[in-house]
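Dear colleague,

I am passing on the structure that we discussed, with the sequence and coordinates placed directly below. Please look it over before reading my notes.

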Amino acid sequence: MISVKALYHSYTKDESYAVKNVSFDIQKGEIFGFLGPSGAGKSTTQKILIGLISLQKGQVAIDGMDIKKTNRALFDKIGVSFERANVYKKLTGVENLKFFSEMFGVPTENPLKLLKMVGLEDAANKKAGDYSKGMLQRLVFARSMISNPKIWFLDEPTSGLDPNTTSIIKGIIKERQEQGTTIFLTTHNMHIAEVLCDRVAFITNGEISAIDSPRNLKLKYGEKLASIEYIENAILKKAYLSLTDEGHKKKLNDIISSCKVETMHTQEATLEEIFIKITGKELK
Amino acid sequence: MKRLLAIFRRDLKSSVREFLLLYIILAPIVIVIGLRFFIPSVNAISFQFALDKSIGETVIAEFEKYGRVELLDGRKAIENRVVKADDIFGVIQNQEDDYVVISQGNEDEGTSTIAQQIIGNMNSEEEALAVTYSDIGAKMSSITIYGASSVILMAIILAGMVIGLNIIEEKEANTMNALSVTPMRKLEFIVGKSLIGLVLPVVEALFVVWILNLQNVHIGMLLTMTLASSLIAIIFGFLIGVFSSNQIAGIANMKFLLLFVSASFIGAVVLPAGTQYFLYWSPLYWSTIGLIKVITNEVTWLQIFQYTLWILGLTILIFLLSAGKIKKGLT
Ligand SMILES: Nc1ncnc2c1ncn2[C@@H]1O[C@H](COP(=O)(O)OP(=O)(O)OP(=O)(O)O)[C@@H](O)[C@H]1O
Ligand SMILES: [Mg+2]
């Protein structure tokens with residue numbers, strides 16, 4: 001459904017790339033997670049895919065069509081939820097959705113129904129300018145479904161939402177997938193990625209370092225870890241150490257013999273820990 | 001077409017919900033209503049007469065019974081006074097009993113014969129009294145002419161400003177990104193955004209003509225001039241929208257535009273005929289000339305055609321110079 005080959009992008013049009021040699025393929029009906037810390041190049045990649053930034057170098061095909069040669073009708077199949085809520089502040093929630101529904105050449109969803117799905121039915125007739133940040137986020141999310149897209153781009157759809165709303169949004173995404181929608185999901189929330197995505201790509205500094213299903217990543221990298229809190233030179237420290245890696249095992253021995261151990265337990269690696277292990281970077 | 005109308009409706013809805021934009025839309029209407037009340041109030045003060053100094057004490061005293069009298073020197077001075085905006089009648093004496101009443105021709109019907117009647121009363125005991133009536137040509141008060149044309153021009157320019165502010169809104173909220181991932185084409189966006197710049201001036205120009213009761217104005221000619229002039233305002237609106245990062249900057253940029261507009265209008269009105277070619281480069285100069293002549297109903301279709309050609313030619317030139325910047329600014 002989406003195929004990206006050797007994608008590069010430089011905002012400064014020089015050798016400093018925000019996206020560097022990125023390649024991946026997304027199958028029909030798949031939820032593909034794009035995971036990385038802030039500034040990794042997630043939004044940049046999404047913007048290139050949906051044509052908001054022009055393609056500098058590399059190949060991108062969506063629904064079998066080279067995006068350099070697409071016509072506007074392609075956008076009848078695409079829905080985009082933006083990272084930053086971009087809505088008309090002087091229009092109400094319903095008016096915002098109605099206006100956008102007029103832009104499409106295909107049958108569109110009922111605005112009120114969409115607003116109800118994301119819990120905005122009470123605010124439907126309030127001006128978007130009076131919405132809270134989380135409400136705006138949900139409005140943009142609802143708007144991205146207006147044309148019943150076959151391909152759905154979601155940039156941080158749950159950032160800044162409370163856990164309850166987050167799980168509603170998760171439910172909607174899962175449901176759409178079951179109806180056959182292909183989903184490109186950008187996030188730095190590992191939990192979301194773990195429960196939703198069929199496959200994830202780890203991206204840092206514009207480069208992808210791993211692409212696989214969360215399960216495979218765990219099997220591959222998720223050896224048992226020891227999580228240990230200890231005091232060294234009067235400072236409380238924390239470490240995650242592999243129980244199979246020789247270097248880590250030695251370090252664990254050293255800590256136990258020379259420092260005061262506060263807590264220690266072994267655990268299955270989370271996706272977050274695997275991310276740190278592979279990329280050497282925190283997700284925040 | 002569906003998209004164009006949706007964009008137009010959205011702009012209108014959004015504009016009337018913000019005080020500043022609503023004010024910009026309503027300003028020409030408010031001003032022309034004000035003008036409407038001002039024009040009759042000038043006439044309603046009382047009767048006014050401009051008399052020749054040499055006309056004699058008794059005649060002056062007689063006219064003073066009916067209204068305010070101004071004494072002027074000679075026929076020329078009186079004629080100049082009469083053509084001014086308010087309703088005033090001039091009276092001069094040619095010979096003993098031969099009085100000439102000078103009027104502008106647009107005075108209220110009831111008052112136009114008042115001067116003759118006064119003279120008639122004054123001389124009722126004598127027989128041979130000849131009063132001739134002289135119309136010096138101007139058919140309309142200058143308040144009406146310049147008021148109507150400047151308000152229509154203002155409606156045109158302010159509609160461009162509405163476009164500019166609506167584009168600034170899209171830029172600030174980043175909604176343009178959301179639109180560019182729909183099947184909407186950029187040309188549809190531009191044309192849709194332009195519609196308000198055509199509709200508002202047309203509606204407001206018709207309102208001006210209606211409220212000032214300008215029955216002799218040829219509506220087809222009026223709309224031709226209005227629509228042609230709107231094109232230039234639309235381009236300015238887009239330029240303001242593209243170059244201003246927020247509303248404040250937009251209003252600051254509007255000041256330059258207003259300077260250009262007022263220079264064109266005032267120049268067209270006050271510059272002597274021989275020096276008007278200094279203004280030929282300004283499409284709004286041609287708009288001013290055209291609108292004034294349409295309102296005074298002293299224009300042929302051929303002239304309208306010529307003015308429109310000038311406006312369109314200059315507008316296309318400005319468009320070619322700025323199209324690249326507009327296109328770039330909208331991405
Ligand atoms: N318009 C721009 N002009 C110049 N540089 C930009 C622009 N947008 C992003 N960048 C840079 O490109 C890099 C990648 O940014 P991007 O927005 O793609 O990150 P991200 O992964 O989406 O981060 P976040 O999680 O914060 O949304 C960053 O270094 C950022 O500073
Ligand atoms: Mg981002």
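This is a predicted model: local features need pLDDT of at least 70, side-chain atom pairs count only at pLDDT 80 or more; totals for chains, interfaces and linings use all residues.

Residues are numbered from 1 along each chain as its sequence is written, chains are lettered from A and ligands numbered from 1 in the order in which they are written, and side-chain values use heavy atoms, with hydrogens and water left out.

The chains

Chain A has nine helices and 13 strands, whereas chain B has 12 helices and five strands; helices (H or I, at least four residues) and strands (E, at least two) are DSSP runs, numbered from the N terminus. Of the 284 residues of chain A, 50% are buried, and for the 331 residues of chain B the figure is 51%, where buried means under 20% relative accessible area, exposed over 50% and partly exposed in between, with a 1.4 Å probe and protein chains only. Taken along the principal axes, the C-alpha atoms of chain A fill a box of roughly 70 × 45 × 35 Å. Among contacts (heavy atoms within 4.5 Å) between residues at least 6 apart in sequence, 66% in chain A join residues at least 24 apart, and in chain B 70% do.

The metal site

The magnesium ion, ligand 2, is coordinated by Ser43(A) through OG and Glu83(A) through OE, at 1.9 to 2.2 Å. Ser43(A) is buried at 14% relative accessible area, while Glu83(A) is partly exposed at 35%. Donors are N, O and S atoms within 2.8 Å of the metal (3.2 Å for Na, K and Ca), and water is not among the atoms, so sites may look incomplete.

Helix H2 of chain A

Eight of the nine residues of H2(A) are buried, so this helix is largely enclosed by the rest of the structure. Those buried residues, including Leu97(A), Phe99(A) and Phe100(A), pack against helices H3 (111–117) and H4 (133–143) of chain A as well as helices H1 (2–16) and H7 (175–180) of chain B.

On a 1 Å grid over the protein atoms alone, a cavity is a set of points where a 1.4 Å probe fits but cannot get out, a pocket is an open set with protein on both sides within 12 Å along at least five of seven lines, and lining residues have an atom within 4 Å of a point. The largest pocket holds about 1,100 Å³ of space. Its lining has 41 residues, with Gly51(A), Leu52(A), Ile53(A), Asn177(B) and Ser180(B) nearest the centre, and the elements that give two or more residues to it are H1 of chain A together with helix H6 (142–173), H7 and H8 of chain B.

Leu52(A), in the loop between H1 and strand E4 (57–62) of chain A, is partly exposed at 22%; leaving aside neighbours within four places in sequence, Leu52(A) is in contact with Lys47(A), Phe82(A), Asn177(B), Ser180(B) and Val181(B).

The structure holds one cavity of 30 Å³ or more, and about 100 Å³ of space lies in the largest cavity. Of its 13 lining residues, Val80(A), Phe104(A), Arg143(A), Ser144(A) and Val181(B) are the closest to its centre, and E6(A) gives the largest share of the lining, three residues. Volumes are the space filled by probe spheres set on the grid points, which are joined across faces, edges and corners.

Backbone points to check

Asp63(A) is not a glycine, yet has a positive phi of about 50°, and Asn213(B), also a residue other than glycine, has a positive phi near 55°. Asp63(A) is partly exposed at 23%, and Asn213(B) is partly exposed at 46%.

With best regards
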